[in-house]
There are 2 protein chains.
Amino acid sequence: MKKHNFSAGPSILPQEVFEKASQAVLDFDNTGLSLIEISHRSKEFVAVYDKAVALVKELLYVPETHEVLFLQGGASMQFLMTAINLMKNEGGKAAYVDTGAWSSKAIKEAKLFGEVEVVATSKDTNYNYIPKGYTIPSDADYVHITTNNTIFGTQFKEFPTTEVPLVADMSSDIFSKPVDVSKFGIIYAGAQKNLGPAGATLVIIQKDLLGNTGRTIPSMLDYQIHIKGESMFNTPPVFAIYVSMLNLEYMKAQGGLKAVEKHNEEKAAMLYNEIDNNPSFVNSVAKEDRSLMNVVFLLKDESKDAEFLAACAEAGISNVKGHRSVGGFRASIYNAMPKESVQALIDVMKKF
Amino acid sequence: MKKHNFSAGPSILPQEVFEKASQAVLDFDNTGLSLIEISHRSKEFVAVYDKAVALVKELLYVPETHEVLFLQGGASMQFLMTAINLMKNEGGKAAYVDTGAWSSKAIKEAKLFGEVEVVATSKDTNYNYIPKGYTIPSDADYVHITTNNTIFGTQFKEFPTTEVPLVADMSSDIFSKPVDVSKFGIIYAGAQKNLGPAGATLVIIQKDLLGNTGRTIPSMLDYQIHIKGESMFNTPPVFAIYVSMLNLEYMKAQGGLKAVEKHNEEKAAMLYNEIDNNPSFVNSVAKEDRSLMNVVFLLKDESKDAEFLAACAEAGISNVKGHRSVGGFRASIYNAMPKESVQALIDVMKKF
């Protein structure tokens, strides 16, 4: 029996994508070869790569000013790459909004390359809201945000308006809704939520921001080198890019990101509605900042946590335990999560 | 029909590995979930990771002094990581043996972190031999070699004896034969030849070499951080590690690396024998340095190159075109290449 997989990432993808990926590992596109034994420079794989990039551009309406890359190393590598590529070598300065564990990690890496000003933080209440009304210094090389916070269940619904380049870690909500890419200097995302398997990292970069730091950048950390090599300066993660391409095709077939957004809003409403109306549960995130991707909730009587997890397991529901830094529960309801699975969880909550 | 895949990398893996990997993408180990939708911190994947590491240690007899990691970014990222982790911040110096394109790339990155002394090079004859009899300065922080050179078809059969830590890029011949790991400070290898699919990088490190540079190292580039996190400081490439584990299991079942080596020696002998005895072909690599992994050869009459490639294609032989920097042909005969495929190529050569 297929489980209801609420994992925070790597996470659920459409069944159709699993089936096509499985087939390609045996015989890729009738080439007589497995997907994972072909050269990344073969015309067959270059076509896959080109299609993946084209679908990213199409689904997100990426403007001509921006370039799309598939790299490795996840958001953790981007914490470093964004800073080294954008922060001036002399007198470099960047602004960061601190909305949780991932922002803090990004801040730590950026500090190696210049001055970091944390312009806002919600640490005072264990990150249960998204800060608003802060000032971004106009002399910052960029401002960095984490658009969705998997651990704390918060999400930016509006992005800061600023004249400095806006850099966003969208690892956990990219492709969950339309986004105006033209407003961002860099968007990056580890693939393993709404895009594909672990092992690929999507980066969308405004080209004219690059090459202005006066810094010597090692090749593998240099966006300009990866742009020149069309993500093949080094051997790319072939399988992860292929599966991402399949999933992008799937999203397009669903009607694009507006349709995806509507589905996500409906699923999240179902679950938040249950939490708000069920006297046993509570969600302590500011209502306007609630994540549509990661729904966190607590049992009012914590002593029943284990009992609730057992009831979930009984119903084929996996991975709803909350992160250790907040406790309670977390239901990650990414794009591929069907309403039936959300309903299965609600049914357990109702009975409890 | 299954093709004879002579690709230089990503490259052939055992059919049994493709079959198991394909099944795991549909349903991993009867968990009711796809391998690529499970958390990297799930007990099921942690068991896969632990098994992969244990098999690396077993097959290569890795001593207790060394640690095994699975990272991302391929050899290209290791060019940077080895230098930043080993070269002293003040007065750092490293020795490099230049045996071709990949050595040159490693040298380029190392130069960003200190003085690089190229102690030997075979560039004078377009890298058709492995330099011998050079002196490695005793004050170098390390000496770096590329043990097998895919483009030029050369391979170290003996490693330099030195008191400074020996760092080796073994991307294209690791697991092709036994190696005395205790003699190396760092061994690294992109997975996509004899280990697994593109997207994982194996690193074997002598632990006591780390932490001595006086340098601030960004987290993602710091071996000590990855050792502490057991390769899960960031989300690891789940699929690529899983497939590598399957392939390591396969090698063990074949009888380990001595059996693998014997098979590789026999295959290479078949092919070099044909090249040496067939008046139409020539191999210009110094005989004692011929690679057992990548067999390069030229037609004496270059005008027939296209005709030969067509004859290969006719026989289901793919990817034997040589790299553009040397021309001619290259047959990559990694571990998983069966003798039948080598014989198929020899048959075409005989007829030609």
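**Notebook: loops, salt bridges and a charged patch**

I began with B:Asn30, which I found in the loop between helix 1 and helix 2 (43-60) of chain B; helices are DSSP runs of H or I with at least four residues, strands are E runs of at least two, and both are numbered from the N terminus. This is a predicted model, in which local features need pLDDT of at least 70 and side-chain atom pairs count only at pLDDT 80 or more, while totals for chains, interfaces and linings use all residues. Residues are numbered from 1 along each chain as its sequence is written, chains are lettered from A and ligands numbered from 1 in the order written, and side-chain values use heavy atoms, with hydrogens and water left out.

**Backbone entries**

I noted that B:Asn30 has a positive phi of about 55 degrees although it is not a glycine, and that B:Asn30 is exposed at 74% relative accessibility (buried is under 20%, exposed over 50%, partly exposed in between, with a 1.4 Å probe and protein chains only).

I then checked the peptide bonds and found that the one from A:Gly9 to A:Pro10 is cis, with omega near -5 degrees, A:Pro10 being in the loop between strand 1 (4-5) and helix 1 of chain A. In chain B, a cis bond joins B:Gly9 and B:Pro10 with omega about -10 degrees, and B:Pro10 lies in the loop between strand 1 (4-5) and helix 1 (15-26).

**Annotated residues**

UniProt, in an unreviewed entry, lists A:Lys193 as "modified residue: N6-(pyridoxal phosphate)lysine"; such annotations may be inferred rather than shown by experiment. I placed A:Lys193 in the loop between strand 9 (186-190) and strand 10 (201-206) of chain A, where A:Lys193 counts as buried because its relative accessibility is 12%. The UniProt annotation "binding site", also from an unreviewed entry, covers A:Arg41, which lies in the loop between helix 1 (15-26) and helix 2 (43-60) of chain A and is exposed at 52%.

**Salt bridges**

I recorded 30 salt bridges over all chains, each a side-chain nitrogen of Lys or Arg within 4 Å of a carboxyl oxygen of Asp or Glu. In one of them, A:Glu16 pairs with A:Lys20, their closest N and O atoms being 3.5 Å apart; the two are four residues apart in helix 1 of chain A, so about one helical turn separates them.

B:Glu67 forms a salt bridge with B:Lys207 at 3.4 Å between the closest N and O atoms. This pair links distant parts of the chain, 140 residues apart, with B:Glu67 in strand 2 (residues 66-71) and B:Lys207 in the loop between strand 10 (201-206) and helix 5 (223-228) of chain B.

B:Lys132 and B:Glu288 also form a salt bridge, with the closest N and O atoms 3.7 Å apart. They too link distant parts of the chain, being 156 residues apart, and B:Lys132 is exposed at 52% relative accessibility. I also noted that A:Lys93, A:Glu117 and A:Asp139 are linked in a network of salt bridges.

**Surface patch**

My last entry is a positive surface patch formed by A:Arg41, A:Lys228, B:Lys105, B:Lys108 and B:Arg324 (patch residues have over 30% relative accessible area and no salt bridge, like charges being joined within 9 Å and nonpolar side chains, Val, Leu, Ile, Met, Phe, Trp and Tyr, within 5 Å). I found B:Lys105 in helix 4 (residues 101-110) of chain B, partly exposed at 32%.

Methods. Accessible areas come from the Shrake-Rupley method with a 1.4 Å probe; for residues, only the protein chains shown count as cover. Lys and Arg count as positive and Asp and Glu as negative; His and the chain ends are not counted. The place of a charge is taken as NZ of Lys, CZ of Arg, CG of Asp or CD of Glu.
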